[in-house]
Amino acid sequence: MSETDALPRWQVDFDRWPYPAVCAHRGAGTLAPENTLAAFRVGASHGQSMFEFDVKLSADGKPFLLHDATLDRTTSGRGAAGGATLAELAQLDAGSWHSAPWAGEPVPAFANVVAWLRANGHLANVEIKPSPGREAETGALVAIAAAHAWRDAAVPPLLSSFSEAALAAARRTVPTLPYALLVDTLPEDWLERVRAHGCVALDANHRVLTEAVVSRAHAERLRVLCYTVNDPARAATLRGWGVDCVITDAVDTIRP
């Protein structure tokens with residue numbers, strides 16, 4: 001029996017959807033430095049119970065949180081995000097770029113974020129965000145890390161990715177987790193792509209969604225998430241269409 005065969009067979013499908021109607025984008029949207037533990041704490045202070053965040057691999061193959069392909073925008077480092085070891089990443093300042101009160105906030109390891117989420121009873125939407133050229137490796141290793149981190153949890157993390165190569169590798173490695181296909185534009189064959197990757201949900205840019213698309217997804221027993229919805233009126237419209245979860249930066253005004 002392989003290591004992944006011993007993992008629980010989570011049942012997350014259309015009839016057993018355990019996630020809330022709102023998910024906090026990158027921890028706290030723009031109120032704190034994205035993808036840091038500080039951001040998660042701020043999001044939680046506004047009543048958020050599910051958090052979306054980006055995970056990639058360090059040079060030594062360890063999962064950590066960062067959105068960009070480079071370190072330049074949100075840390076004191078420079079160069080390719082995947083070119084530094086986890087120990088090197090831990091020395092960087094991931095808060096000063098946002099504002100002075102967050103100076104010194106570290107780049108978090110995936111394991112540390114999971115520990116905080118689980119200790120506080122929060123749920124996760126883990127976006128697999130591979131560095132260029134490391135799509136399959138990242139998909140597989142993040143899926144393994146997520147499955148083991150939540151192995152005794154009643155509700156697993158929802159894993160998503162824009163990279164179909166990463167998504168395919170993740171599901172091939174850990175088929176027991178629920179997956180969502182991320183899309184910025186809606187291809188004509190979106191349903192076929194979602195099905196091909198064994199996903200339980202479509203996660204789309206809210207601007208490309210229509211009520212008909214949501215209805216079609218539900219008719220096919222798929223859930224629908226969308227990003228990044230920061231206007232409460234737009235969130236209400238999407239919820240009226242039946243969108244199952246809106247991902248938002250406006251963690252203080254759009255709440256579960």
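Colleague: Among the contacts in the chain with a separation of 6 or more, what share comes from residues 24 or more positions apart?

Modeller: This is a predicted model, in which local features need pLDDT of at least 70, side-chain atom pairs count only at pLDDT 80 or more, and totals for chains, interfaces and linings use all residues. Residues are numbered from 1 along each chain as its sequence is written, and side-chain values use heavy atoms, with hydrogens and water left out. Taking a contact as heavy atoms within 4.5 Å, the share for residues 24 or more positions apart is 59%.

Colleague: Is Asn125 buried or exposed?

Modeller: Asn125 lies in strand β4, residues 123-128, a strand being a DSSP run of E with at least two residues, numbered from the N terminus. Not counting residues up to four places away in sequence, Asn125 touches several residues, among them Cys23, Glu52, Ser160 and Asp203. Buried means under 20% relative accessible area, exposed over 50% and partly exposed in between, with a 1.4 Å probe and protein chains only. Because its relative accessibility is 1%, Asn125 counts as buried.

Colleague: How much of the chain is made up of buried residues?

Modeller: By that cut-off of under 20%, and taken over the 256 residues in the chain, the buried share is 54%.

Definitions and conventions: Helices (H or I, at least four residues) and strands (E, at least two) are DSSP runs, numbered from the N terminus.
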